[in-house]
Amino acid sequence: MKIALIGYGKMGKEIEQIALSRGHEIVSIIDVNNQEDFNSVAFKSADVAIEFTNPMVAYNNYIRAFEAGVKLVSGSTGWMAEHGDEVKQLCTEGGKTLFWSSNFSLGVAIFSAVNKYLAKIMNQFPAYDVTMSETHHIHKLDAPSGTAITLAEGVLQNLERKDKWVKEEATTANELPIHSIREGEVFGIHTIRYDSDADSISITHDAKNRGGFALGAVLAAEYTAGKQGYLGMSDLFPFLNDETSLPMSNQ
């Protein structure tokens, strides 16, 4: 498979190594200093482009890749609030293709499924209040992390007493607070904690390196090459769609 890379920082370099180790060819690398290469024959020859940049440039990268007719896999976060509806419409109605995830790690995909399942159980036990925390390296620009928001949405879908997430501190009982910490070179730690007067229950995912994220992005690219539309981790890992038979508290 021919792969283009958009963004050549630490993640881009890690993705390059894993893609090459799986027999793929890197045909184009676009970074801040060669934006004109979006128009190059080499970039347009890619089966898929993998994009890891930052919230300020991700959307523009998507549009330029779409204009070049190249399918896209992206792990950039922080752009969804402003451009999410437009990008989804380009994929669902405009014939473009984007596989987007806030986190490509297989471990996080498993963790996300456990998070939803735990929230369904805890829906039956209102004595427990839920909070979240996420820790990342000091270079991360957005807070809360995209992964934390995705995990929070998984809780909100399954816990009736919470209907929105908020940054840092909750002011009403229906809010799920997400506490963000930026320190050192932490790859990513996400914790969901349920507290009652009697005890507490916590689940945590702690990334040891970038390898899991990079491998997941390459797996997503392999999947996306033959697909069209707006795709995500639940397409790549169908177990994320599995519904349990646990009853909601009002049933």
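**Strands β9 and β10**

I looked up the pairing of strand β9 (residues 189-195) with β10 and found seven bridges, the two strands running antiparallel. Helices (H or I, at least four residues) and strands (E, at least two) are DSSP runs, numbered from the N terminus. I took two strands as paired if DSSP finds at least two bridges between them. Histidine 190 stands opposite histidine 205 in β10. β9 and β10 form a hairpin, with four residues between them.

I note that the model is predicted, that local features need pLDDT of at least 70 and side-chain atom pairs count only at pLDDT 80 or more, whereas totals for chains, interfaces and linings use all residues. Residues are numbered from 1 along each chain as its sequence is written, and side-chain values use heavy atoms, with hydrogens and water left out.

**The mixed sheet**

I then followed β9 to its other partner. Strand β6 (residues 129-136) pairs with β9 in the antiparallel sense over seven bridges. Aspartate 129 stands opposite aspartate 195 in β9.

I traced the order of the open sheet of five strands as β7-β8-β6-β9-β10, with mixed pairing. β7 (164-167) and β10 (200-206) are at the edges; each has a single partner strand, so one side of each is left without a neighbour in the sheet. Neighbouring strands of this sheet are turned by 20° against each other on average, direction ignored. Axes here are lines fitted to C-alpha atoms, for helices over the stretch in contact, and angles run from 0 to 180 degrees between N-to-C directions.

Glutamate 168 lies in the loop between β7 and β8 (175-182), and glutamate 168 has a positive phi of about 70° although it is not a glycine. Proline 144 is found in the loop between β6 and α6. A cis peptide bond joins alanine 143 and proline 144, with omega at about 0°.

I asked which helix lies across β9 and β10. Helix α5 (residues 106-122) does, running at about 165° to β10; contact means heavy atoms within 4.5 Å.

I next examined α5 against helix α6 (residues 146-156): their axes come within 8 Å and cross at roughly 30°. The two helices are therefore roughly parallel to each other. For this wording, angles under 35 degrees count as roughly parallel, over 145 as roughly antiparallel, 65 to 115 as roughly perpendicular and the rest as oblique. α5 passes α6 in a right-handed crossing. A crossing is right-handed if the near helix is turned clockwise from the far one by less than a right angle, and left-handed if anticlockwise.

On the α5 side I listed Val108, Phe111, Ser112, Asn115, Lys116 and Ala119, and on the α6 side Thr147, Leu151, Gly154 and Val155. By class, this contact has five nonpolar, four polar and one charged residues. Ala, Val, Leu, Ile, Met, Phe, Trp, Tyr, Cys and Pro count as nonpolar, Asp, Glu, Lys and Arg as charged, and the others, Gly among them, as polar.

**The parallel sheet**

I moved to the open sheet of six strands, whose order is β2-β1-β3-β4-β5-β11, with parallel pairing. Here β2 (25-30) and β11 (229-231) stand at the edges with a single partner strand each, so one side of each is left without a neighbour in the sheet. The twist from one strand to the next averages 20°.

Strand β1 (residues 2-6) is joined to β2 by five bridges, and the two run parallel. The bridge partner of alanine 4 in β2 is serine 28. Helix α7 (residues 211-224) lies across β3 (48-51), β4 (71-74), β5 (97-100) and β11, running at about 155° to β4.

**Helices α3 and α4**

I looked up how α3 packs with helix α4 (residues 80-92): the angle is about 15° and the axes are 11 Å apart. α3 and α4 are therefore roughly parallel to each other. Their crossing is left-handed. Tyr59, Tyr62, Ile63 and Phe66 in α3 meet His83, Glu86, Val87, Leu90 and Cys91 in α4. By class, the contact has seven nonpolar, one polar and one charged residues.

**Aromatic pairs**

I found seven aromatic pairs in the structure. Rings of Phe, Tyr and Trp (its six-membered ring) pair if their centres lie within 6.5 Å; planes under 30 degrees apart count as stacked, over 60 as edge-to-face and the rest as tilted. The ring centres of phenylalanine 52 and phenylalanine 104 are 5.9 Å apart and their planes stand at 55°, so the pair is tilted. Phenylalanine 52 lies in the loop between β3 and α3 (58-67) and phenylalanine 104 in the loop between β5 and α5, so the pair ties together parts that are 52 residues apart in sequence.
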